[in-house]
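User: I am new to this structure and would like to learn how to read its main features. Could you take me through them in turn?

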Amino acid sequence: CLASAAIQRLMFELDKDEQGYDALTDSWSNDAALYNGYRLETGSYTVSYERANSADASQRVTLYGAQDEESRINVNTVSKEMLERMFKMLGYSPDLAEPVLDWTDADGNTRFHGAEAYDYASGERPYAPSNGKMLMLEELLLVKGIKPEIYEKMAPLLTIYGDGRVNINTAGPEVLEILGFSPELIQKILRYRRGLDDLEGTEDDGVFRSMARVSEDLEMVESISNADRFTINNLSAVLTVSSRFFRIQAQGKSRGGIVSRVTAVTQRFPKVQKIPARIVSWREG
């Protein structure tokens with residue numbers, strides 16, 4: 001019940017957010033007063049998550065709030081080029097992209113390095129590929145070549161939620177690299193987002209409020225080239241500044257010390273629809 005209360009509180013924060021853009025500065029993303037050991041009559045709750053420090057990749061920072069699910073790449077809409085970049089970045093063969101794409105496409109045609117029904121039927125425990133959208137990210141563990149250790153590295157970068165666009169305000173450096181940004185442009189974006197204190201999730205962060213002004217906003221604090229502008233414009237179709245899906249990792253702790261953990265994914269709807277945020281995934285433990 002305490003963990004559920006935390007999730008309901010966060011959904012309330014998401015519903016009242018009318019900015020039109022979402023960033024790590026928002027109260028749903030990082031507000032220790034609301035989500036770090038918040039006390040109720042029967043105990044307390046904490047909602048938190050870790051992310052890499054964009055100023056120092058060897059360090060992790062803890063934020064108190066929800067994670068933007070659309071800071072990740074949708075495995076159901078991802079391009080072959082992006083998957084290949086991801087596997088190469090993680091230290092694996094880019095050929096692994098093809099069995100993933102064969103799993104999610106509707107046809108039974110096998111790509112050169114891919115896998116379709118025959119490949120799965122001939123195994124020790126035969127099963128059929130989905131040939132459709134993944135309903136759970138763990139389906140990747142059924143894909144030919146995706147071993148548990150590979151999945152563990154992939155999972156933080158991927159999602160099954162959203163329309164395929166990635167929020168440029170919340171995506172980490174690895175996701176930006178997978179999308180196709182150059183290392184130099186990634187650092188310019190991250191510096192802009194961190195603001196003067198060089199920390200993400202604080203009041204002085206730079207926030208992109210409109211995709212139409214990303215280059216202009218960035219140029220106010222960074223020197224950008226024509227190649228940078230071309231990259232931003234070229235990738236604008238797979239980018240957004242607002243999000244609809246959010247991951248909430250809540251922990252409830254009773255006065256007696258009993259701890260319960262719940263991870264929920266919630267969907268927020270546009271204000272004009274007048275539909276309250278809803279839970280689309282719920283996992284306990």
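Predicted model: local features only at pLDDT ≥ 70, side-chain atom pairs only at ≥ 80, totals over all residues.

User: How many helices and strands are in the protein chain?

Analyst: The protein chain contains ten helices and twelve strands. Its C-alpha trace spans about 55 × 55 × 40 Å along the principal axes.

User: Why is the protein chain described as being as compact as a globular protein of its length?

Analyst: One compares the radius of gyration with a rule for globules. Here the radius is 20 Å, close to the 19 Å that the globule rule gives for 285 residues, so the chain is as compact as a globular protein of that length. As for burial, 46% of the 285 residues count as buried. Contacts can also be sorted by separation in sequence: among those between residues at least 6 apart, 59% join residues at least 24 apart.

User: Which residues have the most contacts inside the largest nonpolar core?

Analyst: That core has 54 residues, and F87, L140, I146 and F181 are those with the most contacts inside it. The helices α3 (80-90), α4 (97-104), α6 (148-154), α7 (173-179), α8 (183-194) and α9 (214-219) each supply at least two residues of this core. Apart from it lies another core, of 18 residues, with A6, L34, A66 and F246 among them.

User: What does F87 touch, not counting residues up to four places away in sequence?

Analyst: With those sequence neighbours set aside, F87 touches Y92, S93, P94, L96, A97, V100, I146, I150 and M154. One of these partners, I146, is itself listed with F87 among the residues with the most contacts inside the core.

User: Which residues line the largest cavity?

Analyst: A cavity is read by its volume and then by its lining. The structure holds one cavity of 30 Å³ or more, and the largest cavity has a volume of about 40 Å³. Its lining is made up of A23, L24, T25, N169, R193, E200, D205, G206 and V207. By residue type, this lining divides into three nonpolar, three polar and three charged residues.

User: Finally, is Q267 buried or exposed?

Analyst: A residue counts as buried when its relative accessible area is under 20%. The value for Q267 is 8%, so Q267 is buried. Q267 lies in strand β11 (residues 259-267). Leaving out residues up to four places away in sequence, Q267 touches R244, F245, A277, R278 and V280.

Conventions
Residues numbered from 1 in each chain as written. Heavy atoms only, no water. 1 Å grid on protein atoms, 1.4 Å probe; cavity = no way out; pocket = protein on both sides within 12 Å on 5 of 7 lines; lining within 4 Å. Points joined across faces, edges and corners; volume = space filled by probe spheres on them. Nonpolar A, V, L, I, M, F, W, Y, C, P; charged D, E, K, R; others polar. Core = buried A, V, L, I, M, F, W, Y, C linked by side-chain atoms within 4.5 Å. Buried < 20%, exposed > 50% of the residue type's maximum accessible area, 1.4 Å probe, protein only. Helix = DSSP H or I, 4+ residues; strand = E, 2+ residues; numbered from the N terminus. Contact = heavy atoms within 4.5 Å. Rg over C-alpha atoms; globule rule 2.2 N^0.38 Å.
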